[in-house]
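Visitor: I would like to learn how to read a model like this one. Please show me the sequence and structure.

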Amino acid sequence: MKKVLLFVVAAICLMSSCAMLQSAASLKNCNFAMKNVTDVSVAGINLTNKASFKDVSATDVLKLGTAYLTKSFPLSFNVNVNVTNPNPVTATLAGLDYILWIDDVKMTSGSMNQSLSVAQNQTVVMPLNFSIDLLDILKGESKDKILSFGCGLATGNPDVSRVKVSFKPAFNIGGTVHKWPTYITIGGNKIMPSTN
């Protein structure tokens, strides 16, 4: 009876490992594409459909002035990525390392514990949330120029060619996370700088 039980447990573990390996292999064949940039805000001010500094209310101008004086001008936004799985099995993402570029300038890099499952022949939107301080990046620029930078990302139909993300997906096999060996870059239409 013990042998039968051990055989059943081993078979279940083997099937589970095979399923994880198939899921990891299917991730390799997935397609990643920039969908859009949304929820852009600077210093807590929503910049959706604001084309320039002139479109900001008087109250928001006061907020911007305060942010500028306190030397903190946080820019936050979402990059929405379409992940398409053309495979006959589910693809599972366990996380990713990323590099964020705007106008081909490296803004920030890091890791996200992003978990995502994409069923066979499906497309799922993966939101990547970013927050950076524009004063660190645009040193010496006026608050008008810094705000205009944010507005340029937040127009009604954002020019996603300004924003690119390079990332290395990670997948889980048997409880161990494995990272993709190279970066995948999405968005934009300019030549990418080196990710090294």
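Guide: We take confidence, then two residues.

Guide: This is a predicted model, where local features need pLDDT of at least 70, side-chain atom pairs count only at pLDDT 80 or more, and totals for chains, interfaces and linings use all residues. Residues are numbered from 1 along each chain as its sequence is written, and side-chain values use heavy atoms, with hydrogens and water left out.

Visitor: What is the mean pLDDT of the protein chain?

Guide: pLDDT is the predictor's confidence in each residue, from 0 to 100. The chain mean is 74. Of its residues, 68% reach 70 or more.

Visitor: Where is confidence lowest, and where highest?

Guide: Helices (H or I, at least four residues) and strands (E, at least two) are DSSP runs, numbered from the N terminus. Helix 1 (residues 2–28) is lowest, at a mean of 44. Strand 8 (residues 122–133) is highest, at 91. Over residues 190–196, pLDDT stays under 50.

Visitor: Is asparagine 85 buried or exposed?

Guide: Buried means under 20% relative accessible area, exposed over 50%, partly exposed in between (1.4 Å probe, protein chains only). Asparagine 85 has 0%, so it counts as buried. This residue lies in strand 3 (residues 74–85). A polar atom of its side chain lies 2.9 Å from the backbone oxygen of valine 118.

Visitor: Which residues is isoleucine 102 in contact with, leaving aside neighbours within four places in sequence?

Guide: Contact means heavy atoms within 4.5 Å. The partners of isoleucine 102 are Phe77, Met107, Phe149, Leu153, Arg162 and Val163. Isoleucine 102 sits in strand 5 (residues 95–102). Its relative accessible area is 1%, so isoleucine 102 is buried.

Conventions:
Polar contact = N/O pair within 3.5 Å; in protein donor to acceptor, adjacent residues only side chain to side chain.
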